[in-house]
Amino acid sequence: MVVYAGQGDARRSMALLWRDGQERRETRPGPKPGLSVDVIVDAAIEVADTEGMAALSMRKVGERLGRSGMALYTYVPSKGELVDLMYDRAMAELPAEYDLSGGWRPAVAAWAEQTRAFYLRHPWILQVSQARPVLGPNEFAALETLVGILRATGLRPARVRGVVALLYDFVRGAARTVAESREAPSETGVSDEEWWRARASLLEEVAPGFAGRYPMARWVESEDDWPGGDDEPYLEHRTREAFLAGLDVVLDGIEAGTRRT
């Protein structure tokens, strides 16, 4: 499922994103909490975090707040604007600055690990396409933070733009694999262990001599340091190790670029 930002009215959506942030959450007498844009966005994020983006609707958010879906439209015109607001609000969780006293490399590594963890806390964000940015204040603040780190590399702006795109694609891709693996059992009704056990036992049967036919595939899997146990599923362990190895390669590439510069 891919969700595109900016599906609502452009002027209304941008005005809501860039409001001064000092909006008061109304507290009126009565058993039901007062509504505001911020209250609605927070409830929508809770729905998406617990039930997924597919479950998000104005009615569902209203139910969480003890209101009808229609009551929300006074504050947020449609689901299109709501998705933009959710995305930008969630982005505010990302750190605003990183310690550069040890240089740009450890700062980028910390950014990558914290951003990956952020995506896994809010996996629905991975379904919001990057083809059309939200253009909200927190999205720009996140960009400001990463560019601030990378400016310390001494690379020219055009090169930094390329590195920013690479880092976001790399981190989002690593997080997406984990998010999908966590969702797969409930979506398919089959656990990862059951799925692999059923197919691994059949592979040699339907593809005799598999290891001899694909020696490079066998070689690349010859080192496996998974300790086993239930603390971390196998695929998540492999994905995390791949993320760390890939991040080292990316950082090496940036460093090589700074030497050329």
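The model is a predicted one, in which local features require pLDDT of at least 70 and side-chain atom pairs count only at pLDDT 80 or more, while totals for chains, interfaces and linings use all residues. Residues are numbered from 1 along each chain as its sequence is written, and side-chain values use heavy atoms, with hydrogens and water left out.

Let me begin with the overall fold. The protein has eleven helices and zero strands; helices here are DSSP runs of H or I with at least four residues, strands are runs of E with at least two, and numbering starts from the N terminus. Along the sequence the pattern is α-α-α-α-α-α-α-α-α-α-α. Taken along the principal axes, the C-alpha atoms fill a box of roughly 70 × 50 × 30 Å. Of the 261 residues, 35% are buried, where buried means under 20% relative accessible area, exposed means over 50%, and partly exposed lies in between, with a 1.4 Å probe and protein chains only. Considering contacts (heavy atoms within 4.5 Å) between residues at least 6 apart in sequence, 71% join residues at least 24 apart.

I turn to the interior. In soluble globular proteins, nonpolar side chains tend to be buried together. A nonpolar core is taken here as a set of buried Ala, Val, Leu, Ile, Met, Phe, Trp, Tyr and Cys residues joined through side-chain atoms within 4.5 Å. The largest such core holds 65 residues, and those touching the most other members are Ile 40, Leu 56, Val 61, Leu 82, Met 86 and Trp 111. Two or more residues each are given to this core by H1 (10-17), H2 (37-51), H3 (58-64), H4 (79-91), H5 (104-121), H6 (137-151), H7 (157-188) and H11 (234-260). The largest share, ten residues, comes from H7.

What does Trp 111 touch, not counting residues up to four places away in sequence? Its partners are Tyr 98, Leu 146, Ile 149, Leu 167, Tyr 168 and Val 171.

The next topic is the packing of H5. The axes of H5 and H7 come within 9 Å and cross at roughly 35°; axes are lines fitted to C-alpha atoms, for helices over the stretch in contact, with angles from 0 to 180 degrees between N-to-C directions. The crossing of H5 and H7 is right-handed, that is, the near helix is turned clockwise from the far one by less than a right angle, anticlockwise being left-handed. On the H5 side, the residues in contact include Trp 111, Thr 115 and Tyr 119, and on the H7 side they include Leu 167, Val 171 and Arg 182. By class, this contact of H5 with H7 has twelve nonpolar, one polar and three charged residues. For these classes, Ala, Val, Leu, Ile, Met, Phe, Trp, Tyr, Cys and Pro count as nonpolar, Asp, Glu, Lys and Arg as charged, and the others, Gly among them, as polar.

H5 also meets H11. Their axes come within 11 Å and cross at roughly 145°, and this crossing, too, is right-handed. Among the H5 residues involved are Trp 104, Arg 105 and Glu 113, which lie in a contact whose H11 members include Phe 243, Leu 247 and Asp 252. The contact of H5 with H11 has nine nonpolar, one polar and seven charged residues.

Now for the annotations. In the model, residues 34-94 are 57% helix and 0% strand, with end C-alpha atoms 28 Å apart.

Arg 64 is in helix H3 and is partly exposed at 38% relative accessible area. Leaving aside neighbours within four places in sequence, Arg 64 is in contact with Ala 43, Glu 46, Val 47, Thr 50 and Glu 51.

Pro 77 belongs to the loop between H3 and H4, and its relative accessibility is 26%, partly exposed. With neighbours within four places in sequence set aside, Pro 77 is in contact with Arg 12 and Leu 16.

Where is Leu 135 placed? Leu 135 is in the loop between H5 and H6, and its phi is near 65°, a positive value in a residue other than glycine. Most residues other than glycine have a negative phi.
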